[in-house]
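Please go through the structure below with an eye to its aromatic rings, its sheet and its helix packing. The briefing that follows takes these topics in turn.

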Amino acid sequence: SSFTKIKKRKVSQTKSKDVSTVLFTSGTTGEKKGVMLTHDNLISNTSSVLKVLPIKKSDIVNLFLPNSYSFGLSILHTHLKKGSSFFFHNSPFVGSIIQELERYKCTVFYGVPSTFEILLNKTNFIEKKFPKLRFFAQAGGKLDKNYKIQLANKFKNKFYVMYGATEASPRLSIIEPKKLKKKIESIGRPLPGVSFKLFKYKNTNSYELGVKGRNIMKGYLSDKRLTKKSFKGKFYLTGDIVRKDKHNFYYILGRSDKIIKRFGYKININQIKTTIKKISFINKFKITFNDNEFIFFVIVKNKFKNDINEIYIKKSLRESLASYEMPDKIIITKKFPLYLNQKNY
């Protein structure tokens, strides 16, 4: 059967500070770093999420995201705690979620931005009714506001948006459906048990978001230096440059490093630039990431200009880049558009 029920088991309080799992995520150098999460971290975040999401024992969850991914693992934990049932999605096609929700009468599902982009652009998801669907939620990066508006309008009071980090076990904040339209670009307000604090970023007028709570990681595996650097007192520094409005809703304005999030994965721009620089036929290039579209502008060296096309460049990049690091478009040009001087990597 595709449905599974697992009995809850208490974790001994004497071992709550022990490391329960290590999840790997990209660092600012592009190298993987192991995030050490304790039993207490996972239990705390599970409890916080259960206070804001209307999860029930009777729920049937379409578990689309992998358990090796922090958001997927958190979904598993929160619904196991309530005793929900699961359908484990195992198709390579996102669109099959539609048939699964209907056939197995799923009441809940979760996705990252690319999940909803595909469902809205490539399927008839928005036209469906899903009478059994109680709620669904998105996290793992920024979903364009036009998609969020479509989902909020169609599925009234059912669509939650969340923000987090692997280092936070992973969920940190939420926007409830009733607040979503008015705060459409916000990452919401902190979950119960989580504290946000703004720290002045270097010698600028910008502020970096620091987060504190029992859900914050023990540290990075075998890297005490990086662990120390990532904290200011008890606050973990997220790397996100943010602002707060008068209603205590937070908004991301940018990053303190050259890291962007795509398909739920962190991408190191500097690492990609190093890869491109090694390609012999490329003279100059620019990387842009606007409105969730990842574009490489490339100027080819004169002696190669008649032999190189977008397909050939993509083939060269695939040897060194993961699928989620590949651009949506490669534009071969003679000179860069003027607007690239305003916002680019």
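Phe 109, Phe 116, Phe 125, Phe 130, Phe 136, Phe 155 and Phe 159 come together in one aromatic cluster, where rings of Phe, Tyr and Trp (its six-membered ring) pair if their centres lie within 6.5 Å, and planes under 30 degrees apart count as stacked, over 60 as edge-to-face and the rest as tilted. The model is predicted, so that local features need pLDDT of at least 70 and side-chain atom pairs count only at pLDDT 80 or more, while totals for chains, interfaces and linings use all residues. Residues are numbered from 1 along each chain as its sequence is written, and side-chain values use heavy atoms, with hydrogens and water left out.

**Aromatic pairs**

- Across the whole structure, a search finds 23 aromatic pairs.
- The pair of Tyr 69 and Phe 71 is edge-to-face, because the ring centres are 6.4 Å apart and the planes stand at 80°; both Tyr 69 and Phe 71 are buried (under 20% relative accessible area, with exposed meaning over 50% and partly exposed in between, for a 1.4 Å probe and protein chains only).
- Tyr 110 and Phe 135 also form an edge-to-face pair, with 6.2 Å centre to centre and 90° between the planes.
- This pair links distant parts of the chain, with Tyr 110 in strand β5 (residues 108-111) and Phe 135 in strand β6 (residues 135-138), 25 residues apart, and both Tyr 110 and Phe 135 are buried.

**Sheet**

- An open sheet of mixed pairing is formed by 7 strands in the order β4-β3-β5-β6-β7-β8-β9; strands (E, at least two residues) and helices (H or I, at least four) are DSSP runs numbered from the N terminus, and two strands pair if DSSP finds at least two bridges between them.
- β4 (85-88) and β9 (189-190) stand at the edges with a single partner strand each, so one side of each has no neighbour in the sheet.
- Strand β8 (residues 171-175) runs antiparallel to β9 and is joined to it by 2 bridges, and Ser 173 stands opposite Pro 190 in β9.

**Helix packing**

- The axes of helix α1 (residues 39-50) and helix α2 (residues 70-82) come within 9 Å and cross at roughly 70°, the axes being lines fitted to C-alpha atoms over the stretch in contact and the angles running from 0 to 180 degrees between N-to-C directions.
- That makes α1 roughly perpendicular to α2 (65 to 115 degrees, whereas under 35 is roughly parallel, over 145 roughly antiparallel and the rest oblique).
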